[in-house]
Amino acid sequence: MLIDTTAHDQLKHVIKLPLKKLTIAITGSCLIFFSALTQAATPCDKDAQPPLLNKDNALTRLLQCNLDIVDSRRSIISNEANLTVAGQMQNPNLTIGVGSISPKLGVGSGPYFDKTIDNSVRYEQLIERGNKRELRKKSAQSQVAASSEDVLNVERQQSIALLTAMVDLAAVNARIDLLSQVVALYEETLKASTIRTQKGDLPAIDVQRQKIDANRAQIELRLAQAEARSAKITLAKLLAWESKADAMEVDPAILDMTA
C-alpha cells in the first residue's frame, strides 16, 4: 500500500505529541507522589517528644508514624493505582514499514516520490470482549477494599501492642520506685544495725542476714531497671522514636483501667 509521505510525516507528528504529553504527566505524577511521601514523613521527624506519654498523644503518634501502619497504607496507594490502570483500554500498536523494493530497478533515482518503494503504516487496537475491563476494575476495587481492611487490622494490632508496652513500662517504673524505697530502707537499717552490733546490742549474724536481704533487693532493682530499658526500646520502636528511647516516660495513670 502506497502512502503519501506528507501524510506519513503528519501522522508521525500527531503520534509523537500525545506520547510526549503522557511522559510529562507520568513524571509529574511521580514527583507529586514522592513529594507527598516526603511531606508525610516530615512531621514524624520533627515532632517533639512530649515529657510524658499518655494514651491520647501516644495513639496519635502511632497512627501517624508507626512503620507497619505507614507501610500498610502504601499498599492502598498501590492498589488504587492498579485500579486506575485496570479501567484503561489496551494501548494501540502502530507499525511503520517499507517493502516491495524491486531487485531489478532498486531504489531508483530522482525525487523521493519517484522511488520504487512502498511505505506501509499499520494501526492495531485490541478490542476486549466479555466485559473484561469491568471485571478487571471489580477485581482491583476488591483489592483496594481488602487493603483498607488490612490497614484497619494493622492499626488495631499496633494499638494493642502500644498500650501493652505503655502498661509494661508504667508497671516496671512503679516497681522500680518501690524497690528503690526498699533498698534505701535496707541501707538505713544496716547503718543502725552496724552501730548496735558495735555496742553489743545486736548479734553479728543478724547484720549478715540483713546484708543478704539488702543485696537481694538491689539485684531485683537492677533487673527491674534493665526491664524498663527494654520496655522503653519496645515503645520507641512502635512510635518511631528509636533515638529518644532513653527519654521515654509514661503517665502512671495508664495503669488505671477505668481511665
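The model is predicted.

**Ala 240**
- Phi of Ala 240 is near 55°, which is a positive value in a residue other than glycine.
- Ala 240 counts as partly exposed because its relative accessibility is 23%, between the limits of 20% and 50%.

**Packing of H2 and H4**
- Two packed helices are described by the angle between their axes and the distance between the axes.
- Helix H2 (residues 55-65) packs with helix H4 (residues 132-198) at an angle of about 140°, and their axes are 10 Å apart.
- H2 is therefore oblique to H4, as the cut-off for roughly antiparallel is over 145 degrees.
- The crossing in which H2 passes H4 is right-handed.
- From H2, the residues Lys 55, Ala 58, Leu 59, Leu 62 and Leu 63 meet Glu 155, Gln 158, Ser 159, Leu 162, Leu 163 and Met 166 of H4.
- Residues of this contact divide into 7 nonpolar, 2 polar and 2 charged.

**Gln 158**
- Gln 158 is placed in helix H4 and is one of the residues there that meet H2.
- Gln 158 counts as buried because its relative accessibility is 12%, under the 20% limit.
- A polar contact of 3.4 Å joins the side chain of Gln 158 to the side chain of Asp 68.
- With neighbours within four places in sequence left aside, Gln 158 is in contact with Leu 62, Asn 66, Asp 68, Ile 69 and Leu 238.

Conventions: Residues are numbered from 1 along each chain as its sequence is written. This is a predicted model: local features need pLDDT of at least 70, side-chain atom pairs count only at pLDDT 80 or more; totals for chains, interfaces and linings use all residues. Side-chain values use heavy atoms; hydrogens and water are left out. Axes are lines fitted to C-alpha atoms, for helices over the stretch in contact, and angles run from 0 to 180 degrees between N-to-C directions. Helices (H or I, at least four residues) and strands (E, at least two) are DSSP runs, numbered from the N terminus. Angles under 35 degrees count as roughly parallel, over 145 as roughly antiparallel, 65 to 115 as roughly perpendicular and the rest as oblique. A crossing is left-handed if the near helix is turned anticlockwise from the far one by less than a right angle, and right-handed if clockwise. Contact means heavy atoms within 4.5 Å. Ala, Val, Leu, Ile, Met, Phe, Trp, Tyr, Cys and Pro count as nonpolar, Asp, Glu, Lys and Arg as charged, and the others, Gly among them, as polar. Buried means under 20% relative accessible area, exposed over 50%, partly exposed in between (1.4 Å probe, protein chains only). A polar contact is a pair of N or O atoms within 3.5 Å; within protein, one must be able to donate a hydrogen and the other to accept it, and residues adjacent in sequence count only if both atoms are side-chain atoms.
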